[in-house]
Amino acid sequence: MIKAVTRKVTAAVAMSVLLAGCSTLTAPFKEADPRWADFKSWTKVTKLEPSTGDPTKFLGGLHMGAEGYRDVYVNKVAEAVLLGGAPYNYPAGSVIVKEQFANKADWEAQRKAAHTISVKATASDTLAKDNWIWADSYKGTAEESAFCSGCHSIAAKDDYVFTNGDFLKTHSQ
(Lines give C-alpha, C1' and ligand atoms only; values in the text may rest on other atoms or scores of the structure.)
Protein backbone atom coordinates (compact mmCIF):
# COMPACT_ATOMS: atom_id res chain seq x y z
CA MET A 1 0.00 0.00 0.00
CA ILE A 2 2.78 2.43 0.94
CA LYS A 3 4.68 1.57 -2.26
CA ALA A 4 1.61 2.29 -4.38
CA VAL A 5 1.05 5.66 -2.69
CA THR A 6 4.75 6.52 -3.03
CA ARG A 7 4.65 5.66 -6.74
CA LYS A 8 1.56 7.83 -7.27
CA VAL A 9 3.08 10.78 -5.40
CA THR A 10 6.37 10.39 -7.30
CA ALA A 11 4.48 10.22 -10.61
CA ALA A 12 2.45 13.33 -9.72
CA VAL A 13 5.59 15.26 -8.75
CA ALA A 14 7.39 14.14 -11.92
CA MET A 15 4.41 15.15 -14.05
CA SER A 16 4.26 18.57 -12.37
CA VAL A 17 7.96 19.15 -13.01
CA LEU A 18 7.56 18.09 -16.63
CA LEU A 19 4.58 20.38 -17.17
CA ALA A 20 6.37 23.31 -15.51
CA GLY A 21 9.39 22.72 -17.74
CA CYS A 22 7.25 22.57 -20.86
CA SER A 23 5.52 25.81 -19.99
CA THR A 24 8.84 27.65 -20.35
CA LEU A 25 9.14 26.36 -23.90
CA THR A 26 6.33 28.66 -24.99
CA ALA A 27 8.37 31.83 -24.28
CA PRO A 28 10.35 31.72 -27.57
CA PHE A 29 7.10 31.20 -29.47
CA LYS A 30 5.20 33.96 -27.70
CA GLU A 31 3.98 36.77 -29.91
CA ALA A 32 5.15 40.31 -29.26
CA ASP A 33 2.73 42.53 -27.41
CA PRO A 34 0.48 44.27 -29.98
CA ARG A 35 1.28 47.63 -28.38
CA TRP A 36 4.79 47.45 -29.87
CA ALA A 37 4.83 44.54 -32.34
CA ASP A 38 5.09 46.92 -35.33
CA PHE A 39 7.55 49.40 -33.78
CA LYS A 40 9.76 49.40 -36.90
CA SER A 41 6.96 51.29 -38.71
CA TRP A 42 6.99 54.08 -36.08
CA THR A 43 8.98 57.29 -35.98
CA LYS A 44 12.63 56.53 -35.43
CA VAL A 45 13.83 59.44 -33.32
CA THR A 46 17.47 58.46 -33.83
CA LYS A 47 17.08 58.32 -37.62
CA LEU A 48 20.05 60.55 -38.39
CA GLU A 49 22.41 58.55 -36.20
CA PRO A 50 22.14 55.98 -33.44
CA SER A 51 22.57 56.86 -29.81
CA THR A 52 25.93 55.61 -28.62
CA GLY A 53 28.31 56.41 -25.82
CA ASP A 54 27.04 57.53 -22.43
CA PRO A 55 26.12 61.23 -22.63
CA THR A 56 24.10 61.16 -19.40
CA LYS A 57 26.83 59.32 -17.43
CA PHE A 58 24.05 57.14 -15.93
CA LEU A 59 24.17 54.28 -18.42
CA GLY A 60 26.91 52.09 -16.98
CA GLY A 61 26.51 48.62 -18.48
CA LEU A 62 22.79 48.97 -19.23
CA HIS A 63 21.33 49.06 -22.74
CA MET A 64 24.55 47.55 -24.15
CA GLY A 65 26.72 50.10 -22.32
CA ALA A 66 28.77 52.97 -23.67
CA GLU A 67 30.01 50.85 -26.60
CA GLY A 68 26.49 49.90 -27.62
CA TYR A 69 24.45 51.40 -30.42
CA ARG A 70 20.81 52.25 -29.74
CA ASP A 71 17.89 53.24 -31.93
CA VAL A 72 14.79 54.72 -30.34
CA TYR A 73 11.30 54.41 -31.82
CA VAL A 74 8.14 56.14 -30.61
CA ASN A 75 4.49 55.45 -31.38
CA LYS A 76 2.07 58.13 -32.64
CA VAL A 77 0.60 58.61 -29.16
CA ALA A 78 3.96 59.74 -27.75
CA GLU A 79 5.53 61.31 -30.84
CA ALA A 80 4.47 64.95 -30.38
CA VAL A 81 5.50 64.99 -26.72
CA LEU A 82 8.82 63.21 -27.23
CA LEU A 83 9.87 65.38 -30.16
CA GLY A 84 8.57 68.57 -28.55
CA GLY A 85 10.00 70.53 -25.67
CA ALA A 86 9.70 70.61 -21.91
CA PRO A 87 7.66 70.21 -19.89
CA TYR A 88 7.12 66.58 -20.84
CA ASN A 89 4.02 64.62 -19.80
CA TYR A 90 3.27 61.67 -22.04
CA PRO A 91 -0.32 60.55 -22.59
CA ALA A 92 -1.45 57.07 -21.58
CA GLY A 93 -0.73 54.65 -24.41
CA SER A 94 2.67 56.17 -25.18
CA VAL A 95 5.17 53.48 -26.13
CA ILE A 96 8.91 53.97 -26.59
CA VAL A 97 11.08 51.12 -27.88
CA LYS A 98 14.84 51.15 -27.49
CA GLU A 99 16.55 48.73 -29.87
CA GLN A 100 20.09 47.98 -28.69
CA PHE A 101 23.14 46.49 -30.38
CA ALA A 102 26.43 45.50 -28.78
CA ASN A 103 28.58 47.29 -31.38
CA LYS A 104 28.59 49.20 -34.66
CA ALA A 105 28.93 46.06 -36.81
CA ASP A 106 25.79 44.53 -35.25
CA TRP A 107 23.94 47.84 -35.62
CA GLU A 108 24.90 48.18 -39.29
CA ALA A 109 23.85 44.57 -39.97
CA GLN A 110 20.75 44.93 -37.76
CA ARG A 111 21.59 41.65 -36.02
CA LYS A 112 21.50 40.47 -32.41
CA ALA A 113 19.20 43.26 -31.28
CA ALA A 114 17.94 43.50 -27.73
CA HIS A 115 14.90 45.60 -26.84
CA THR A 116 13.56 47.50 -23.88
CA ILE A 117 10.10 48.99 -23.96
CA SER A 118 8.54 51.78 -21.90
CA VAL A 119 4.73 52.05 -21.80
CA LYS A 120 2.84 54.91 -20.17
CA ALA A 121 -0.02 52.93 -18.69
CA THR A 122 -1.76 55.67 -16.72
CA ALA A 123 -2.49 59.28 -17.61
CA SER A 124 -1.92 61.78 -14.84
CA ASP A 125 -1.14 65.44 -14.34
CA THR A 126 1.37 64.25 -11.75
CA LEU A 127 4.58 62.75 -13.11
CA ALA A 128 5.13 59.44 -11.32
CA LYS A 129 7.06 56.25 -11.95
CA ASP A 130 3.89 54.31 -11.20
CA ASN A 131 2.39 55.64 -14.43
CA TRP A 132 4.91 53.57 -16.42
CA ILE A 133 5.46 49.87 -17.04
CA TRP A 134 8.45 48.29 -18.77
CA ALA A 135 9.31 45.17 -20.78
CA ASP A 136 12.86 43.87 -21.01
CA SER A 137 12.52 42.22 -24.41
CA TYR A 138 10.53 42.37 -27.65
CA LYS A 139 8.42 39.41 -26.55
CA GLY A 140 8.49 40.37 -22.89
CA THR A 141 5.60 41.33 -20.67
CA ALA A 142 5.27 44.98 -19.66
CA GLU A 143 4.93 45.34 -15.91
CA GLU A 144 6.06 47.47 -13.02
CA SER A 145 9.81 47.32 -12.51
CA ALA A 146 11.63 48.73 -9.52
CA PHE A 147 14.87 48.30 -11.46
CA CYS A 148 13.70 50.30 -14.50
CA SER A 149 11.85 52.95 -12.52
CA GLY A 150 14.85 53.34 -10.21
CA CYS A 151 17.12 54.36 -13.09
CA HIS A 152 14.43 56.33 -14.90
CA SER A 153 13.69 58.32 -11.75
CA ILE A 154 16.80 60.33 -12.68
CA ALA A 155 14.65 61.68 -15.55
CA ALA A 156 11.56 62.22 -13.35
CA LYS A 157 11.20 65.87 -14.39
CA ASP A 158 10.90 64.67 -18.02
CA ASP A 159 8.22 62.08 -17.19
CA TYR A 160 10.82 59.32 -16.67
CA VAL A 161 12.08 59.44 -20.28
CA PHE A 162 15.72 60.26 -21.06
CA THR A 163 15.47 60.57 -24.85
CA ASN A 164 13.28 63.55 -25.66
CA GLY A 165 13.38 66.60 -27.92
CA ASP A 166 15.65 68.61 -25.63
CA PHE A 167 18.05 65.69 -25.20
CA LEU A 168 18.18 65.07 -28.95
CA LYS A 169 18.94 68.75 -29.65
CA THR A 170 21.71 68.78 -27.06
CA HIS A 171 23.32 65.41 -27.88
CA SER A 172 23.05 65.04 -31.64
CA GLN A 173 26.14 65.80 -33.65
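**Close-up 1. A salt bridge between Lys40 and Glu99 in the predicted model.** Lys40 forms a salt bridge with Glu99, and the closest N and O atoms of the two side chains are 2.9 Å apart in this predicted model. The pair links distant parts of the chain, 59 residues apart, with Lys40 placed in the loop between helix H1 (2-23) and strand S1 (43-44) and Glu99 in strand S4 (residues 95-101).

Close-up 2. The structure holds 9 salt bridges, among them the one in which the side chains of Glu79 and Lys76 meet at 3.3 Å, N to O. Both of these residues belong to helix H2 (residues 76-83), where they are 3 residues apart, or about one turn of the helix. Glu79 is buried, with a relative accessible area of 19%, which lies under the 20% limit, while Lys76 counts as exposed at 68% relative accessibility. Arg111 and Asp106 also meet through their side chains in a salt bridge, with an N to O distance of 2.7 Å; here Arg111 is partly exposed at 40% relative accessibility, and Asp106 is buried at 5%.

**Close-up 3. The two sides of helix H2.** Ala78, Glu79 and Leu82 are the buried residues shown in H2. Because they cover an arc of only 120° around the axis, these residues lie on the same side of H2. Lys76 and Ala80, on the other side of H2, are exposed. The buried residues of the helix pack against S1, strand S3 (69-74), S4 and H5.

**Close-up 4. The surroundings of Thr163.** Thr163 is placed in the loop between helix H4 (146-152) and helix H5 (165-171), and this residue is buried, with a relative accessible area of 12%. When its neighbours within four places in sequence are left aside, Thr163 is in contact with Val45, Val72, Leu82, Tyr90 and Leu168.

Close-up 5. In one of them, the rings of Phe39 and Tyr73 have their centres 5.0 Å apart and their planes at 80°, so the pair is edge-to-face. Phe39 lies in the loop between H1 and S1 and Tyr73 in strand S3, 34 residues apart, and the pair thus joins distant parts of the chain. Phe39 is buried, with a relative accessible area of 4%, and Tyr73 is likewise buried, with a value of 4%. Tyr90 and Trp132 form another edge-to-face pair, at 5.8 Å centre to centre and with 70° between the planes. This pair, too, links distant parts of the chain, with Tyr90 in the loop between H2 and S4 and Trp132 in strand S6, 42 residues apart. Tyr90 is buried at 1% relative accessibility, and Trp132 is buried at 1%. Ring pairs also link Phe39, Tyr73 and Tyr138 into a cluster.

**Close-up 6. Strand S6 and its pairing with strand S5.** Strand S5 (residues 114-120) and S6 pair in the antiparallel sense over 4 bridges, and Ile133 in S6 is the bridge partner of Val119. In a regular strand the side chains alternate between the two faces of the sheet. In S6 (residues 132-135), Trp132 and Trp134 point one way, Ile133 and Ala135 point the other way, and all are buried.

Technical notes:
Residues numbered from 1 in each chain as written. Heavy atoms only, no water. Buried < 20%, exposed > 50% of the residue type's maximum accessible area, 1.4 Å probe, protein only. Pairing = 2+ DSSP bridges. Salt bridge = Lys/Arg side-chain N within 4 Å of Asp/Glu carboxyl O. Contact = heavy atoms within 4.5 Å. Arc of directions from axis to C-beta. Phe/Tyr/Trp six-rings, centres within 6.5 Å; stacked < 30°, edge-to-face > 60°.
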